[in-house]
Amino acid sequence: MNRISTSSKTHVILLGLLAIMVLLLAGCQGQPSEKPPIHVNPNMDSQPKYRAQSSSEFFSDGASMRLPVEGTVARGELHEDTEFWEGKYSQSGAFIIDSPLVPTMDNLERGRERFNIYCAVCHGQVGDGTGIIIKRGFILPPSFHTDQIREYPDGKIFDIITHGIRNMPKYADQIPVEDRWMIVNYLRALQLSQNARLTDLPDEVREKIE
């Protein structure tokens, strides 16, 4: 009769205990319960709160969702500089004469880039109203080089870019405020290029022409 060594018996016992532990663990999955799980550190997991569109007994109108306090302004939306944000004088509400953004070579270049992206398709790259979509049957826009538009105050041109006019859509959502002023400055440069007088040139340039 074969005898089993002590080490073999120990091995068999350990395997048996391991099998029992596996069975016990497999059976410890718990039962359905209405009680919330135990939180060692719940913090704010179970804080009282209102859900969207839920009712409330605290407020007189019964609504849990509240309107902002009257006069509340979102961060970054306090536009106190009326001339910059609206192109109008704060006191009179009239359009400002000159752009609040001083023209420089850098912002004129930026204005040219934005003009060619958003405006040239209709107004043409020189502002004469012969953009590419005119060849597709779109209504001919006015030239920027007419006396009427040259006499527009800068604030009015900014307002038209912002809110649109007739067939022209508004560009307030596509073009940031500062870029709109850069376009206004570049448009003035275009007008000057097509309607410049000899006296508008610097002395050294005029001397060469004369």
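This is a predicted model: local features need pLDDT of at least 70, side-chain atom pairs count only at pLDDT 80 or more; totals for chains, interfaces and linings use all residues.
Me: What percentage of the residues in the protein chain are buried, and what percentage of contacts join residues at least 24 apart?

Reply: Buried residues account for 24% of the 210 residues in the protein chain. As for contacts between residues at least 6 apart in sequence, 45% join residues at least 24 apart.

Me: How is the packing of two helices to be read, and at what angle do H3 and H7 cross?

Reply: One reads the distance between the axes, then the angle, then the residues in contact. Helix H3 covers residues 105-118 and helix H7 covers residues 177-195; their axes come within 7 Å and cross at roughly 95°. Angles of 65 to 115 degrees count as roughly perpendicular, and therefore H3 is roughly perpendicular to H7.

Me: Which residues of H3 and H7 meet?

Reply: From H3, the residues are Asn-107, Leu-108, Arg-110, Gly-111, Arg-112, Arg-114 and Phe-115. They meet Asp-179, Met-182, Ile-183, Asn-185, Tyr-186, Ala-189 and Leu-190 in H7. Sorted by class, this contact of H3 with H7 has seven nonpolar, three polar and four charged residues.

Me: At what angle do H6 and H7 pack, and why is H6 called oblique to H7?

Reply: Helix H6, residues 154-163, packs with H7 at an angle of about 125°, and the axes are 10 Å apart. H6 is oblique to H7 because of that angle. The crossing in which H6 passes H7 is right-handed. On the H6 side, the contact is made by Asp-154, Gly-155, Ile-157, Phe-158, Ile-161 and Thr-162. On the H7 side, Val-177, Arg-180, Trp-181, Ile-183, Val-184, Leu-187 and Arg-188 take part. By class, the contact of H6 with H7 has eight nonpolar, two polar and three charged residues.

Me: How does one read a nonpolar core, and which residues of the largest one touch the most other members?

Reply: The general idea is that, in soluble globular proteins, nonpolar side chains tend to be buried together. Here the largest nonpolar core has 23 residues, of which Phe-115, Ile-157, Ile-161, Trp-181, Ile-183 and Val-184 touch the most other members. The elements giving two or more residues to this core are H6 and H7. H7 supplies the largest share, eight residues.

Me: Which residues does Ile-161 touch?

Reply: Residues up to four places away in sequence are not counted. Ile-161 then touches Met-168, Lys-170, Tyr-171, Ala-172, Ile-175, Arg-180, Ile-183 and Val-184.

Me: Is Val-184 buried or exposed?

Reply: Val-184 has a relative accessible area of 0%, so Val-184 is buried. Its place is in helix H7. Leaving aside neighbours within four places in sequence, Val-184 is in contact with Asp-154, Ile-157, Phe-158 and Ile-161. Separation in sequence and in space can also be read together: Val-184 and Pro-103 are 81 residues apart in sequence and 9.7 Å apart in space, C-alpha to C-alpha.

Me: Where does Phe-59 lie?

Reply: Phe-59 lies in the loop between helix H1 (6-26) and helix H2 (82-86). Phe-59 counts as partly exposed because its relative accessibility is 26%. Not counting residues up to four places away in sequence, Phe-59 touches Ser-64 and Arg-66.

Note on methods. Residues are numbered from 1 along each chain as its sequence is written. Side-chain values use heavy atoms; hydrogens and water are left out. Axes are lines fitted to C-alpha atoms, for helices over the stretch in contact, and angles run from 0 to 180 degrees between N-to-C directions. Helices (H or I, at least four residues) and strands (E, at least two) are DSSP runs, numbered from the N terminus. Angles under 35 degrees count as roughly parallel, over 145 as roughly antiparallel, 65 to 115 as roughly perpendicular and the rest as oblique. Contact means heavy atoms within 4.5 Å. Ala, Val, Leu, Ile, Met, Phe, Trp, Tyr, Cys and Pro count as nonpolar, Asp, Glu, Lys and Arg as charged, and the others, Gly among them, as polar. A crossing is left-handed if the near helix is turned anticlockwise from the far one by less than a right angle, and right-handed if clockwise. A nonpolar core is a set of buried Ala, Val, Leu, Ile, Met, Phe, Trp, Tyr and Cys residues joined through side-chain atoms within 4.5 Å. Buried means under 20% relative accessible area, exposed over 50%, partly exposed in between (1.4 Å probe, protein chains only).
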